[in-house]
Amino acid sequence: MNNQDITAYRAEVDAWRQQREAALRAPDGWLSLTGLFMLKEGDYRVGSHPESQILLPAETPDHLGTLTFNKGKAHLSVATATPVLVDGKPVQEADLVDNGDRKHPSLVRVGTVSFFVHKFGDEYAIRVKDSANPAIDAFAGCEWFPVKPEYRVQGRLTRHDAPRAIAIKTIVDTDMAYESVGNVEFDLQGQSLSLLARDYGVPNQLSVVFRDATAGLQTYAVARFLTVEMERDDNVVVDFNKAYNPPCSFSPYATCPLPPRENILSVAIEAGERYTPEDTTLHGTQHEKTSA
């Protein structure tokens, strides 16, 4: 790149980073998370009462209702006069669709609080958000390495004959499959590197979960995420200046995947989002877990 191109590129990355921070601060962004409640067969009291199995923020009704979970299906029975909306419509009873298979889940809303059935791997949970969560206003912004053009490289996708389901763990110690479509191969710092990539349903983009030698020192110990841009003929652009931290770096109520072993790199990638937590024990020993 010449000087003019470098200036334009840095401005483009800075704009992308600003958009990321705005998304985190959004009313339904990751900073709005206030709870995650695993579901097994049975009935669950929902509300702000301390004995509720699905505990909502204090501004919600003491007993909003009962959620029944049976054979992967959730049903909500409302027990309050406070208006409860499901997908924008007031209800007294409703079957709740989960977000599995990239579906839009049924969104239950009361005031500023919302919740839905979150499916990840073979597990189900209720994920609770609050657009008035104090964490949103308290967020001081992300920490970033300076933009370094040398961390934006060309690469190539070598596709598998068929997508491969690779067994990995999540931050909450559950099992899931990393559905890899192929290896993204590129050269960086004089080394030939490869990362298993996933197709997550966005045209001309692939997703990567990885960890490098900066993890636990300058970057988030568990993993970072990266979007790989597809070009023609399976050529790709790998831009580590846009590597970013997963939701579990901001909230203990996320269910982030850990990287497959193939995506744990021995090189130090000093680019993208940094992480210097005030409390390194935020998630306890889960920082140390790797994929099986």
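In this predicted model, Arg274 lies over the face of Phe145, with a distance of 4.7 Å from the ring centre. A second contact of this kind involves a lysine, since Lys129 is placed over the face of Trp30, at 5.7 Å from the ring centre; both distances can be read against the rule that the charged atom, NZ of Lys or CZ of Arg, be within 6 Å of the ring centre.

Phe210 and Phe240 are both buried.

The rings of Tyr220 and Tyr275 have centres 4.8 Å apart and planes at 70°, and the pair is therefore edge-to-face, given that planes over 60 degrees apart are assigned to that class. Here too distant parts of the chain are linked, for Tyr220 sits in the loop between strand 15 and strand 16 (224-230), whereas Tyr275 sits in the segment after strand 17, 55 residues apart. Tyr220 has a relative accessible area of 0% and is buried; Tyr275, at 14% relative accessibility, also counts as buried, because the limit for that term is under 20%.

Beyond these pairs, the model also contains an aromatic cluster, which is formed by Trp16, Trp144, Phe225 and Tyr244.

How values were computed:
Residues numbered from 1 in each chain as written. Predicted model: local features only at pLDDT ≥ 70, side-chain atom pairs only at ≥ 80, totals over all residues. Heavy atoms only, no water. Buried < 20%, exposed > 50% of the residue type's maximum accessible area, 1.4 Å probe, protein only. Phe/Tyr/Trp six-rings, centres within 6.5 Å; stacked < 30°, edge-to-face > 60°. Helix = DSSP H or I, 4+ residues; strand = E, 2+ residues; numbered from the N terminus. Lys NZ or Arg CZ within 6 Å of the ring centre and 35° of its normal.
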